[in-house]
Amino acid sequence: MKARFAKLGLVLRKMFLPTVAALTVVAVFAHFAWKYSGSSEWELKKDENGVRVYTMKTPGSTLLKVKADMQVATSLTSAVFLLRGDESTSDDFGGKDFTVVERIETPQLFMACYSAKHPMPPPFRTKEMVVMLNYAQDKATKKVEINVQAAPGRTPPSPNTSRVTHLNNIFRLTPLPNGLIDWEITLDVDMGLFYPLANLSMPEYLFKDLSYHKTLVLTEKYQAARLISVEEPGSAAPALTSSLQESL
């Protein structure tokens with residue numbers, strides 16, 4: 001009986017090891033084939049309820065870049081206030097321990113450094129984001145382009161968190177002749193997830209995020225916002241006072 005089990009084990013090992021080796025070769029080949037593929041062009045992935053989501057695959061990167069846009073009937077100020085981040089709005093996005101590291105706002109520009117923690121489902125650790133954010137409104141078109149970049153070295157790391165080190169997002173808000181705001185978000189971020197999982201989940205995440213923005217921006221908190229760094233279309237000069245202005 002022992003001899004039979006020994007022979008069976010030998011047969012299984014002979015079958016198992018070549019199979020594992022073959023699967024490893026296939027996995028490695030698939031990884032590099034995916035990594036160096038890509039057209040570097042935006043491809044429409046979803047168009048639903050006024051929100052369009054695109055993805056872009058660039059050669060040399062395993063992660064997709066994701067972009068979404070929509071048009072919203074709201075003020076430019078409310079849109080900027082929602083996207084630029086603030087102590088009073090952090091809870092609306094699930095952030096914890098939102099901290100202003102530094103911030104300055106003038107009629108010419110806005111610059112800030114923020115940190116916040118974002119709980120993740122098990123087995124992932126809480127993600128900590130430290131970002132630099134800035135914008136300067138185009139006074140002719142009134143367009144606002146908010147640039148957000150990871151700044152992981154600006155503050156000491158927090159215990160029991162994993163810090164995001166790759167983030168380069170762009171939020172574009174463009175007033176249209178029909179009174180709507182063209183609202184575009186481009187994400188280039190690595191949240192530390194297994195890249196096939198990240199590539200599957202990020203487009204849907206951004207779709208849900210913009211759908212949420214469309215409703216959230218119409219609430220009283222955002223509609224009542226006043227910012228000295230933003231001129232509404234038709235304004236010749238900033239006449240509003242920001243309740244959130246700070247200097248370094």
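This is a predicted model: local features need pLDDT of at least 70, side-chain atom pairs count only at pLDDT 80 or more; totals for chains, interfaces and linings use all residues.
Residues are numbered from 1 along each chain as its sequence is written, and side-chain values use heavy atoms, leaving out hydrogens and water.

Next I looked up burial. Of the 248 residues in the protein chain, 39% count as buried (under 20% relative accessible area; exposed is over 50%, partly exposed in between; 1.4 Å probe, protein chains only).

Then I checked Trp 183. I found Trp 183 in strand S10, residues 181-187. Is Trp 183 buried or exposed? Trp 183 is buried, because its relative accessible area is 0%. Lys 214 sits 31 residues from Trp 183 in sequence, and their C-alpha atoms are 9.4 Å apart.

Last, the pocket. On a 1 Å grid over the protein atoms alone, a pocket is an open set of points with protein on both sides within 12 Å along at least five of seven lines, and lining residues have an atom within 4 Å of a point. I noted 38 lining residues for the largest pocket, with Phe 93, His 118, Met 129, Tyr 205 and Asp 209 nearest its centre. Elements giving two or more residues to this lining include S10 and helix H3 (195-216). Which element gives the most to the lining? H3 does, with eight residues.

Note on methods. Helices (H or I, at least four residues) and strands (E, at least two) are DSSP runs, numbered from the N terminus. On a 1 Å grid over the protein atoms alone, a cavity is a set of points where a 1.4 Å probe fits but cannot get out, and a pocket is an open set with protein on both sides within 12 Å along at least five of seven lines; lining residues have an atom within 4 Å of a point.
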